[in-house]
Amino acid sequence: MLVNFTPPSASEYIRVLPEILLTVGGTILMIAEGLAGERHRRGLAPMALAFLLLALGGAVVAGMDPGPAFNNMLTVDGYATFFRLLVLIVGILSVLISGSYLTRENADSADYYALILFSLCGQSILASANELIMVFIGLEISSIATYVLAGFLRNDKRNNEAAIKYFLLGSFATAFLLYGVGWIYGVTGTTNLQEIHRFLTSSESVYSPLLVSACAAMMFVGFAFKVSAAPFQGWAPDVYQGAPAPVSAFMTAAPKAAAFAVFLRVYSIAFSGLTERWQPILWVSAMATMVIGNFAALRQDNIKRMLAYSSVAHAGYVMVAVVAHSEAGVAAAMFYLASYAFMNLGAFAIVTHYVGKGERYVGIDDMAGYARQQPLIAALFTWFLLSLIGVPLTGGFFGKFYVFKSAIDSNLIWLTVLGLLNSAVAAYYYLRIIVVMYFHEPTNETGAAGPVPAGVRLALIGSAIGVFVLGVMPSAVLEFANRSAMLSR
Amino acid sequence: MPPIPLPTAVPLTYYLILSAILFALGVAGFLFRKSLITVFMSIELMLNAVNLTFVTFSYQHKQVDGHLFTFFVMVVAAAEAAVGLAIILTVFKNRGTLAVDEIDSLKL
Amino acid sequence: MSPLSLALWTPLACLFVLLALPSSQKTAIKLWANISAVLGLLTMLPLITGYDRSNGGFQFVERAEWIPSLGIQYYIGIDGISLLLMVLTAVTAVVATLSSWEAIQDRLKQYYAMLLLLQVGMLGVFASLDFILFYVFWELVLVPMYFLIGVWGGPRKLYAAIKFFLYTLAGSVLMLLGILTLYSQHWTQFGTPTFEIDALLRLTMPFWMQQWVFWALFIGFAIKVPMFPFHTWLPDAHTEAPTAGSVILAAVLLKMGTYGFLRFSLPLLPQASMDRTIVQVVVGLSLIGILYGALVCLMQQDWKRLVAYSSVSHLGFCTLGIFSLNPNGIAGSVIQQLNHGISTGMLFLIVGVVYERRHTREISEYGGLAHRMPLFATVFAFAVLSSAGLPLLNGFVGEFTILQGAFEANRWWAAMAVPGVVIGAAYLLWLYQRTTLGQITNAKNNHLADLSWRELAVFAPFILWAFSIGLYPKPYFEIIERPVARIVERVRPGYYQDRPPSPALAQAPHAAPHTAQGGAR
């Protein structure tokens, strides 16, 4: 191939505006800390927020002029914009809940915020990646930053353990993904998703479907790790439990959403010709993810670990939408991930505050009688938990509704039945928290973490509004998702 | 690009088989070795197997793309190594061990 | 705003006002809650007066887009069946709120907020004409009820609350599956997304699919009713709930299940509902429920549990009537739903009265209450007789019409249900005898106060209503005649052509009190 280098046009740079802003922002944060010194640590979080808001604006601007960028390596369409906005909002909410946590743990530093920004940059690339090497690079930028975040409190053994597990298993999975990419490149001679699709569906191409399926399977290993789908969900509970609470909040929402974004894009575009080969595998995986997540969560006493398993279970619901393999399924997954991001961050925000210094109060029973002390916060927590259960008028309900609707439309009757029954089982462990907060008497240690700091309050309000809007007036988001879901056209 | 003389002695398939063996060795090392450092090196081995695959296919397709990808992978692997070794170091500082089996304080 | 929307959202508006009140102003909160309940009842008046009996279709219809891309609408309207149940809801709300005046002292504001939220949910269930809107309200009911049982309930409240929630949720997710199947059928047949009932009525589905959807919906509704094998959540939930909770649960919540059968299962899936096997299974379960519930009642030591099990038996009559699939059976079933709400509501209030005074529900702890509490004994007698189906009181009208319908469908069904009536009278009278008649055997009962004016006021609406239905049921039958005819016509097309016009069902109970008396005594 001859390389005809044409310098990217200005509009192509605008299409990667959020990535640019995030990278610059993260770098400035780290420099600023060095320049301003110890005394100005309080300004770090607002500064990070400012950059995130800028990037959010950048994503909107980029989304107004959709099209490919950099030799079709990236493509900024509605789908990309949706996920960019989603991860950036998750980033904002995570930064809001991180400030007080870091101060409490004496770990205020610019690195933390810079890493969040870098990680988001990777996820933003993932959202718009249109080419397998970009997928790899985005995945790694996002992951490397989160490896460090997961072990951010260097002297905490739980943090260490979370980081090392996440790092080793994450890199292992990425290697699989990459090996799959290598072979796809070998078979098709390209890494561009559309061209792979064209090659695989063209009648003139000669290739072994079995080999391509093996490649798809290896890439599935990589993606399944990142989205914590069975049978590669094993790391999730340990990592989400061991990482600092605000980081767990971030990790269960943003990297997961971005990984799903790219997973869906790759399988709906590149491998859409091989549906009947990968669909049964994903079917089993979706089913196992839901069952493992929900049934393991039933037995947890540690609230972080329970939410970790719940996160696995929710990945299973999204997998159902992936298996549906239709535009409705893609839209359903998008909507589900958005509503999951809000309800999960809301729940984690409260946990982040509640666990107290050194994350002492992580037992579900530690929340006994919390409703008596902080009725409003307990009510918000209930609101998020009801959404996680999928009670109507919350975002979680329409998420599930939409996912299972798309599954029924694709004739996945049994998967739908299993999914619905699973969501009924899940109600039990979410209700346990409500039971403990409302129906148990408070102990001396209830609410030992004190009043809820302003940042967490803001994040709670934001998440609650998100859950409410998605649950009561979902039309706008749904229609946006519907319009952006036409990936393969 | 000027045509490159084909090395007729070694067929391309051999490179692919070699890379597959390297990859498999990496997987085996990851699964069965006990020391964090060895496990980590196994991952690097897997990435290098991928690099070999890329280069081989790039050669086969007569494209430079595959060579470029190798550089991407190498850069990312270097970044990963920096972060990974730092994490391994903190683990060692806090626990005084590098054995995989002993890192199990979180509930199963 | 149409009168129906007004009725539906008034409790919610009242709820917001309630939330604005400071928690420390306990009297203000209680007063406002009662005012809200009365306001809720007043909003029913335009519906009652404006309802056109000669029209069998939906009235006060209102429609607005909610989620256009999914075809989900805010689409409400009522027919006679929903009207009766909505009025029942509003009356029950007044009674339940007033009955909580003394009983609830803890976390008042949340308590009344939950009651109002519950009311919105229940009204919404009966008013929705869009299946998803219905589902939303259906699930909405779950949450406040869960808290009512869990926070203000009895000793085993946690267990009861979770059991209630999980049972109902498990049922409703299956129902959702049925709804989605209907939706997807409509999508393939007509190419438009919709959940509204009128549109779903146009579907032509193969029989096997109707069957599947029927069972999916059936489980959701049957758990709520509750029908025989699904009833196990009910005794616990009823027993542990606070009095007002039990009253609402018995009077309204259970009717959501039977209402679901009438509004959705029968009209949407006529072939499946007509199917011999299905009818036999459902009727079989109803009959088992009737007899089993009644027999279990005979063995109960716990006053409240006894009343709870009596619901299983009485609701068995309602489902029996529905699946007789003829005008008498269905009309009787609707009336019986109303009656059960009134009489069982009263029985739970009775338990609440003595529980407030003695804090025990053991039947053996009581005896001879009539000596100390004559007013109470009188009211209790009304409740018992109304529940047992004594002529001139409401219970009789419903049960008799149901039996008539069942007899018309299959005389064995009626024959097997009659013992249920007999045992029903037996356990209720025996309960009355053990607790209220005879001598005072337990010294603790020597100083019990009789009903206060407030308590009398709590019972008054139900007693008056019981009498009015018992003495003059005609207007009630008239209200539901057309809607019932529509359902029957839908399930059994041509039913009315084969029979002499208008069997005048409203007159039936008057015509034959002696026959039924023979059966009941």
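Start at the end of helix α19 of chain C. The residue after α19(C) is C:G438, and its phi is positive, near 80°. Helices here are DSSP runs of H or I, at least four residues, and strands are runs of E, at least two, all numbered from the N terminus.

A word on the source. This is a predicted model, where local features need pLDDT of at least 70 and side-chain atom pairs count only at pLDDT 80 or more, while totals for chains, interfaces and linings use all residues. Residues are numbered from 1 along each chain as its sequence is written, and chains are lettered from A and ligands numbered from 1 in the order in which they are written.

Back to α19(C). It covers residues 411-436, and its 26 residues should span 38 Å at 1.5 Å a residue; the end C-alpha atoms are 38 Å apart, so the two agree. The expected span is 1.5 Å times one less than the number of residues. Buried residues in α19(C) include C:W413, C:G420, C:Y427 and C:T436. Buried means 20 or more other C-beta atoms within 10 Å of the residue's own; exposed means 12 or fewer, partly exposed is in between, and C-beta atoms are placed from the backbone.

Next, chains A and C. Here 25 residues of chain A are in contact with 25 of chain C. Contact means C-beta atoms, placed from the backbone, within 7 Å. On the chain A side, α17 (395-409), α18 (413-439) and α20 (475-484) each supply at least two residues. Which helix gives the most? That is α18(A), with 12 residues. By class, this side of chain A has 18 nonpolar, 4 polar and 3 charged residues. Nonpolar is Ala, Val, Leu, Ile, Met, Phe, Trp, Tyr, Cys and Pro; charged is Asp, Glu, Lys and Arg; the others, Gly among them, are polar.

Now a helix pair within chain A. The axes of α3(A) (residues 44-64) and α5(A) (residues 110-128) come within 9 Å and cross at roughly 15°. That makes α3(A) roughly parallel to α5(A). Angles under 35 degrees count as roughly parallel, over 145 as roughly antiparallel, 65 to 115 as roughly perpendicular and the rest as oblique. Axes are lines fitted to C-alpha atoms, for helices over the stretch in contact, with angles from 0 to 180 degrees between N-to-C directions. The contact is made by A:L44, A:A45, A:A48 and A:F51 of α3(A) with A:A110, A:Y113, A:I116 and A:L117 of α5(A). That contact has 8 nonpolar, no polar and no charged residues.

Last, chain B. It has 3 helices and 0 strands. Of its 108 residues, 29% are buried.

Conventions
Contact = placed C-beta atoms within 7 Å.
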